[in-house]
Amino acid sequence: MSTPTQAPPESRHRWLVLATVALAQLMVVLDATIVNIALPSAQAELGFSDNDRQWVVTAYALAFGSLLLLGGRLSDMFGRRRMFLIGLVGFAVASALGGAAQTFELLVGARALQGAFAAVLAPAALSVLTTTFTIPKERARAFGVFGAIAGMGGAIGLLLGGYLTQNFDWRWNLYVNVVIAVIAFAAGTVLLSRSDAKHDTRIDVPGVILASTGLFLLVFGFSQAEPQGWDAPVVWGSLGASVVLLVGFVLRQRTAEHPLLPLSIVQDRDRGAGFLAILVAGSGMFGVFLFLTYYLQLTLGYGPMQTGTAFLPMVLFIVITAQIQTNFLVPRFGPKVVVPLGMAIGAGAMLWFTTLHIDSGYGSVLMGLIGMGIAMGSIMPASFQIATLGIAPRQAGAASAMVSTSQQVGGAIGTAVLNTLAATAATAYVADHAPATPEVIAAGALHSFSVAYTWSAGIFLFGALLTASLFRTRRDREARLVAAAPAVRDEAPVLAH
């Protein structure tokens, strides 16, 4: 067993490993939003309809969300290094196909292929980090960086997407992934340990089918709620079927000899709270990325590049807060204090956004962005860290997949629910203030944004109550540490409070 002051041999270059996996994580996360700003240009060139354009975004989310648990299992089966490199190559190839697409169908197919390889890459990247950093202080710093990237990836996607669309061509929103993947692949080939352990190579095929189909229908059902309406058969039929399949998946995992997701991973109280925190934050934060983008562009008249740049303060405060929290506040107070506090700050930032008017200046927007930066910098790093704490190396891929699944499903739910609430509010406002003059339509849009922000605030407050009640107290955690194995006890003090 390694001493607290000596890094294991496989992590000799661990900070370069962190940079490599962080780069891969950034590519995966920003790709969920980077094409949003490019959509109008892509639509004009390829000639697809307004009704079809959602599939450029949804295809990625569907493949990514539905295949994550399988991707995590593959990392445990065949080794994290191998699946990390395969994920990078596949993602790069899919991005190049999308960038070169001359038809709508090829573009959507390439986006789905991106999502499939992202489902391989994301769990492999996080499990590499989980098994590389075992020294408590270094682990805290590493997860501070990784969690910050998870929180700010969407905003960076908007910024980069605006820059590339405005200064180059919409296709570069996809080609840029090739550049990132090549750098990460070269670094990963050199830095990642070749002695990466492989475990049992058998797979629970029924579990894969139940989980993948259930998650696909869950994300699909929520993605169709806004364009089709909640009462559409395709929506409630998909969501109902997803519930049945996912319940069947859980029952299957209780008896499967080689489970896709060992239930002990999610049944641990602290890890379960970490997964829920990531899901709730993913749901609520879309009130910023989606509706604030609309506000800046439609109400204030910002261009793509201006809109992306406007989010920079949020990115900055995520980075600063993540380092302060993971190095000082989490070791002192633990996630039971830090995560709910971040949720409460997020709720306050959302409520601040409800005060924005048609003639509000950027200064008003800035205050809310700073609040959201502090919130996400508090929630994500601590939640990522505790959600993978104490996991055996043979289960690192499955636990990492659950982290990414929580974030993806949360984003899908948040987008669908908030979109529907906003659209309903806008329609009702225009109907109540007829005739529908341009001024009334603009006021209706602003009202719909405010409704979405208010519901986002409620989501964050619910998350604050949930995580405050679920995370263990300092006394409970210390009692568990006394009874834990020495290897776990060496690792756990960074979150012992």
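Guide: Welcome! Helices here are DSSP runs of H or I with at least four residues, numbered from the N terminus. The structure above is a predicted model.

Visitor: How confident is the predictor, and what is the mean pLDDT of the protein?
Guide: Residues at 70 or more make up 91% of the protein. There are stretches where pLDDT stays under 50, including residues 1-11, with 10 contacts beyond four places in sequence.

Visitor: How many contacts beyond four places in sequence does the model have for residues 487-497?
Guide: Please read this stretch with care, as its pLDDT stays under 50. For residues 487-497, the number of contacts beyond four places in sequence is 35.

Visitor: Let's look inside. How much space lies in the largest cavity?
Guide: With a threshold of 30 Å³ or more, the structure holds 1 cavity. The space in the largest cavity is about 60 Å³.

Visitor: Which helix gives the most to the lining of the largest cavity?
Guide: The lining is made of V35, A38, L39, A42, V56, L107, R111, W170, N173 and L174. At least two of the lining residues come from each of α2 (34-46), α5 (104-132) and α7 (172-191). The greatest share, 4 residues, comes from α2.

Visitor: By class, how many residues of that lining are nonpolar?
Guide: Let's take the other classes before this one. The lining has 1 polar and 1 charged residue. Arg counts as charged, so R111 is the charged one by that rule. The nonpolar residues number 8.

Visitor: On to the aromatic rings. What kind of pair do F168 and W172 make?
Guide: The count of aromatic pairs comes to 15. In the pair F168 and W172, the ring centres are 6.5 Å apart and the planes meet at 50 degrees. Planes under 30 degrees apart count as stacked and those over 60 as edge-to-face, so the pair F168 and W172 is tilted.

Visitor: Which residues form one aromatic cluster with W172, and is W172 buried, exposed or partly exposed?
Guide: The cluster brings W172 together with Y163, F168 and Y175. W172 has a relative accessible area of 38%. Buried means under 20% and exposed over 50%, so W172 is partly exposed.

Visitor: Is V176 buried or exposed?
Guide: V176 sits in helix α7 and touches I34, L160 and L164, not counting residues up to four places away in sequence. Its relative accessibility is 15%. The limit for buried is under 20%, so V176 counts as buried.

Visitor: Which residues does V403 touch, residues up to four places away in sequence aside?
Guide: V403 lies in helix α18, and at 0% relative accessibility it counts as buried. A387 is 16 residues from V403 in sequence, and their C-alpha atoms are 7.0 Å apart. With residues up to four places away in sequence set aside, V403 touches L126, F275, I278, F384, A387 and T388.

Visitor: Q408 is in helix α18 too; is Q408 buried or exposed?
Guide: Helix α18 covers residues 396-432, and Q408 lies there. Q408 touches A61, F64, G65 and L68, not counting residues up to four places away in sequence. Its relative accessibility is 17%, so with buried meaning under 20%, Q408 counts as buried.

Visitor: And which residues does S383 touch, again not counting residues up to four places away in sequence?
Guide: S383 is in helix α17 (residues 362-387), and its relative accessibility of 0% makes it buried. Not counting residues up to four places away in sequence, S383 touches G274, A277, I278 and V339.

Visitor: One last stop: is the peptide bond from A434 to P435 cis or trans?
Guide: P435 is found in the loop between α18 and α19 (438-470). For the peptide bond from A434 to P435, omega is near 5 degrees, and the bond is cis.

Note on methods:
Residues numbered from 1 in each chain as written. Predicted model: local features only at pLDDT ≥ 70, side-chain atom pairs only at ≥ 80, totals over all residues. Heavy atoms only, no water. 1 Å grid on protein atoms, 1.4 Å probe; cavity = no way out; pocket = protein on both sides within 12 Å on 5 of 7 lines; lining within 4 Å. Points joined across faces, edges and corners; volume = space filled by probe spheres on them. Phe/Tyr/Trp six-rings, centres within 6.5 Å; stacked < 30°, edge-to-face > 60°. Buried < 20%, exposed > 50% of the residue type's maximum accessible area, 1.4 Å probe, protein only. pLDDT = per-residue confidence, 0-100. Contact = heavy atoms within 4.5 Å.
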